Amino acid sequence: MSQGQSFKLFTRPKFDSSSLVVAWNQDVGRLGPKVVDYLTGQLGGRELGEISPEGFFSLSGITVEGDIAQFPESKFYRCRNNNFVIFRSDIPRFDWYGFINLVLDIAEKYFKVKQIYTVGGMVLPSAHTTPRTLMSVVNSSEMKKILRNYDIVDDMDYETREDQRPTFSSYLLWAAKIRDIPSACLWVPVPFYLMTVEDPQACKKVLEFLVRHLELKISFADIDDEVTEQNQKIELARGRFPDLDGYISKLESNLGLTADEGEKLVKEIDELLRGSH
Amino acid sequence: MGVRLYNEPELVDPVLIACWPGIGNIGIMAVDMLRRMVAAEEFGEIESWDFFYPRRVLIRGGELIDLEFPYNKFYFKKTGKKDLLFFIGEEQPSDSAGVYAEGTKAYRMANLVLDVAQRFGCRRVYTSGAAVAPIHHTTRPRVWVVPNSKGLLDEVKGYENTVLMSEVEGRDGQGNITGLNGLLLGVAKKRGLEAICVMGEIPIYIHGFPIPYPKGSKAVLEVLSAALAVKIPMDEINALIQQSDTEIESVYEKLPSEIKEQLDKLRYVVYTKPSEPEPITEEDKRKILQEIDKLFKKDTGRGQF
């Protein structure tokens, strides 16, 4: 593997060993991107290199989101004086195995990556007032031992349903296992009505782990402000809209919502947090 | 990366029967049933991870135990005359997001399958799929046959209950076979191998149903077992037909009466030459398929992990 058409490195930093933190742009509650953006913002992240979209993404045109033209990106970042690398990427549409192997090749060869952590949100029918939990799925007993020192739910049993497919993070975890790279997928349940917006509480939960585990020095003030602001907005809306309050109260009492109620709640919260209320 | 063979059976002039899923699972059901009925033994596979997105993750106690991919397996059966080689693919590989094989991955897989077949001396290939036809579900489906050379035409004309493309009204001997069940015929032709695709008919309105159509599979099974000179019991497929007839009838009853009236005309259609003008217009077809879609709307997506 050498640089060329498939990837480019902008700098050649020296690593003895490093950890790779992976986030996918298509994530529930924008959890992964928000976590890595916060880290790069706080720690002065710089681009290290990128994977070319050719062969992995549809290049037949562009999508527009929030009035902005989007183009697939797959970039590595480094935060100065820290031994970890961030990989933030769109999930490829084609040649998934080739893409994952390229990420791992680059990570091992150029960044001496010895551990990998993916970050992702999972949708849960819970209320935003429920404390977030950090969950992990590991690919080795070695990683399980490492995570034992943290407050993480690490004993899940799961099988993909017949009509669904595994996440791309699970695919990466499996490929890392073949290469004997101890890795973990870190998951935080996100209340379903925050899945289209952001969940700063979930973001903080992951950040707390990464800060402690990777021995980072960051301020939580900004994310704390976001949590407070979001909670206040929702509280105010609960006071103004009895239906919305009723739906959230039901969830807080561990009662389910009908499909119609759930849809209304998602719509109301989306409008509220995007500022159209 | 590529093919893994667990053993190298000695085969006599083997015939390859290869199949991937398609409309109504007609071909795959017939070929897989044939494989089971003759008790063919598994002897190899094409490694999947370079071709497919995984289909299932297994997590136990917070640890990823396994990631399963769609399988692509080879089987063989010694018959004493022409031995049988089977290849069954659980999904069609594609470079695009489509259901049917397309692009370099599909071409690579077709070549890998034929590499194995030729390694064992195979010179004849069968594939199978579905032919969407203006027929009613109460009529006996026929089998459309497409060989990959003129030299095979006389032979396939001799198969019972079959139709050539040239016998289908309005087709003038032309058409296409989507996905690997078709592509394999072309790749075989390029290599000088004889190949025939046998496609069981499926009523136009049923190909949108998310349920198999074993009646079409039985028609394929009858043609394949005769062509390969193997006798197979039909009890299992007959039971499946009975079950699916009940399911189809229950869906049929839920269709709006004006759609049912249109569909009932298909009981009397002869669409092969010579024929009366088609009783259902293109606009009718569009409406019928829209109604069917409405009945079977469903969600698929990524799992939690």
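In which loop of chain A does E215(A) lie? E215(A) sits in the loop between α5 (200–213) and α6 (221–240) of chain A; helices (H or I, at least four residues) and strands (E, at least two) are DSSP runs, numbered from the N terminus. A word on the source: this is a predicted model, where local features need pLDDT of at least 70, side-chain atom pairs count only at pLDDT 80 or more, and totals for chains, interfaces and linings use all residues. Residues are numbered from 1 along each chain as its sequence is written, while chains are lettered from A and ligands numbered from 1 in the order in which they are written.

E215(A) is not a glycine, yet its phi is positive, about 55°. Most residues other than glycine have a negative phi. E215(A) is exposed, having 10 other C-beta atoms within 10 Å; exposed stands for 12 or fewer such atoms, with C-beta atoms placed from the backbone.

N254(A), in the loop between α7 (242–252) and α8 (259–273) of chain A, also has a positive phi, near 60°. N254(A) counts as exposed, with 10 C-beta neighbours inside 10 Å.

Now the interface. In chain A, 29 residues are in contact with 23 residues of chain B, contact being C-beta atoms, placed from the backbone, within 7 Å. On the side of chain A that touches chain B, α4(A) gives the most, five residues.

Finally, β10(A) and strand β4 (residues 56–60) of chain B run antiparallel, joined by two bridges; strands pair if DSSP finds at least two bridges between them. Y158(A) has I59(B) as its bridge partner in β4(B).

Terms used:
Contact = placed C-beta atoms within 7 Å. Buried ≥ 20, exposed ≤ 12 C-beta atoms within 10 Å, placed from the backbone.
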